[in-house]
Amino acid sequence: MAVYKLLLLPGDGIGPEITAEAEKILDFLGEAGVASFETETGLVGGAAYDAHGVAISEEDMKLAQEADAVLLAAVGGPKWDGVPYDVRPEAGLLRLRKDLALFANLRPAICYPALAEASSLKPDLVKGLDIMIVRELTGGVYFGEPKEITDLGNGQKRAVDTQVYETYEIERIGRVAFELARKRGNRVTSSEKANVMKSGLLWREVITALHKREYSDVQLDHMLADALGMQLVRWPKQFDVIVTDNLFGDILSDVASMLTGSLGMLPSASLGAPDASGKRKAMYEPCHGSAPDIAGKEIANPIAMIGSLGMALRYSFDLPAAADAIDAAISAVLAQGLRTADIKGSAASSVSTSQMGDAIVKELREILK
Ligand SMILES: NC(=O)C1=CN([C@@H]2O[C@H](COP(=O)(O)OP(=O)(O)OC[C@H]3O[C@@H](n4cnc5c(N)ncnc54)[C@H](O)[C@@H]3O)[C@@H](O)[C@H]2O)C=CC1
Ligand SMILES: CC(C)CC(=O)C(=O)O
Ligand SMILES: [Mg+2]
């Protein structure tokens, strides 16, 4: 049986609660002989700051570099609002993404049939929804320099963030989107603000040229990011693959999450480029944050986290059947009416975080027996 090295980074807020549910799945997969996982657990975000005064220690960075994959839950929270900017919890997550060169963030927004009623849109608009948002993750305004606040000395301050993209960064994320589209609905919508941003102009130029040169078999449309936000809530099923920059991808995927019922439903895979042997660095992380408003209450939805583990099985461990089984188990428990508080409709029975995890393991056991 294959053995995979997985680094768990529970982080802050609801992070440890949802990580415990992912660990139940890992234990079961080991028990069932699907694969064996050698796990280590590290600290990131506020938890790392409290222990070491940094958002991630060098030791944990080394573990992340050496692992076959990282499974990170979430970082941040009001407890760390006053800490220096460079060591704020989010800096740990950004460093992991940057140092592991995880430039491609895949955020699938899939509406499970049983949750069409839980969406903020009318069920007909979201039933069968299956969008893949491909977000550029190591460039753009989250990383561009200069990034500073200057005291102008007259009672005023000036803050600067820099949006910067180079051709190769746009090309490589474009390639990920076109390749994914070929295995799905064969359509890519590229999104930026070419009407007001130079980086948007370059983005459109590079994606257009790449399409013409290598992917003319895929249907390509361009849509300004503000209009795309509107179209996501007007008629989301028009989209197949959406490719966009770091900031717009962050915002648009949170919008898309509500189409599926809750932010607690959206998993993600953050992938690097394959090396000569085809292996790539990867981190799997729910799209949501640390949800401090519900932390410690045992009501967080663990599905985004468990779905992220499913993506690890698919993209890092070459276990597509086990990944499919996790998706099927999630779908089945939702069809049985089990709901955490964030997706609870009138007819559903409310379960805790751990009850949801247990129910998914139980289904998985049935599916894989
Ligand atoms: N990847 C990460 O670690 C991210 C971290 N953050 C950080 O998280 C902290 C809180 O940020 P917020 O803006 O409140 O965003 P958030 O994503 O943590 O929460 C937004 C809303 O969604 C709900 N929610 C999120 N995940 C849920 C789940 N699994 N089950 C049920 N409900 C869920 C929360 O209760 C809250 O009402 C901040 O420090 C922020 O920087 C935010 C986004 C991503
Ligand atoms: C650095 C993160 C807190 C940004 C974010 O919201 C995300 O990646 O989803
Ligand atoms: Mg976000």
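1. Arg 135 belongs to strand E5 (residues 130-136); helices (H or I, at least four residues) and strands (E, at least two) are DSSP runs, numbered from the N terminus.

2. Please keep in mind that this is a predicted model, in which local features need pLDDT of at least 70, side-chain atom pairs count only at pLDDT 80 or more, and totals for chains, interfaces and linings use all residues. Residues are numbered from 1 along each chain as its sequence is written, while chains are lettered from A and ligands numbered from 1 in the order in which they are written.

3. Now the overall layout. The protein is assigned domain 1 (1-103 + 272-369) and domain 2 (105-266), with bounds that come from an automatic or database domain assignment. Taken over C-alpha atoms, the two domain centres are 23 Å apart.

4. Where the domains meet, 22 residues of domain 1 contact 23 residues of domain 2 (contact means that C-beta atoms, placed from the backbone, lie within 7 Å). On the domain 1 side, two or more residues each come from helix H4 (89-99), helix H10 (303-315) and helix H11 (320-335). H11 gives the largest share, 4 residues. By type, this side has 14 nonpolar, 5 polar and 3 charged residues; Ala, Val, Leu, Ile, Met, Phe, Trp, Tyr, Cys and Pro count as nonpolar, Asp, Glu, Lys and Arg as charged, and the others, Gly among them, as polar.

5. Strand E1 (residues 3-11) runs parallel to strand E3 (residues 69-74), and 5 bridges join them; Leu 9 stands opposite Leu 72 in E3.

6. What surrounds the ligands? Around ligand 1 there are 21 residues, of which Gly 76, Gly 264, His 288, Gly 289 and Asn 301 come nearest; a residue is near a molecule if its C-beta atom, placed from the backbone, lies within 6 Å of it. This shell divides into 10 nonpolar, 7 polar and 4 charged residues. Ligand 2 is surrounded by Glu 90, Leu 93, Leu 94, Asp 250 and Cys 287. H4 gives the most to that shell, 3 residues, and the shell has 3 nonpolar, no polar and 2 charged residues.

7. Two backbone details to check. Most residues other than glycine have a negative phi, and most peptide bonds are trans. A cis peptide bond, with omega about 0°, joins Glu 145 and Pro 146, and Pro 146 is found in strand E6 (residues 144-151). Asn 186 is not a glycine, yet has a positive phi of about 65°; Asn 186 lies in the loop between helix H6 (167-182) and E8.

Note on methods:
Two residues are in contact if their C-beta atoms, placed from the backbone, lie within 7 Å. Two strands pair if DSSP finds at least two bridges between them.
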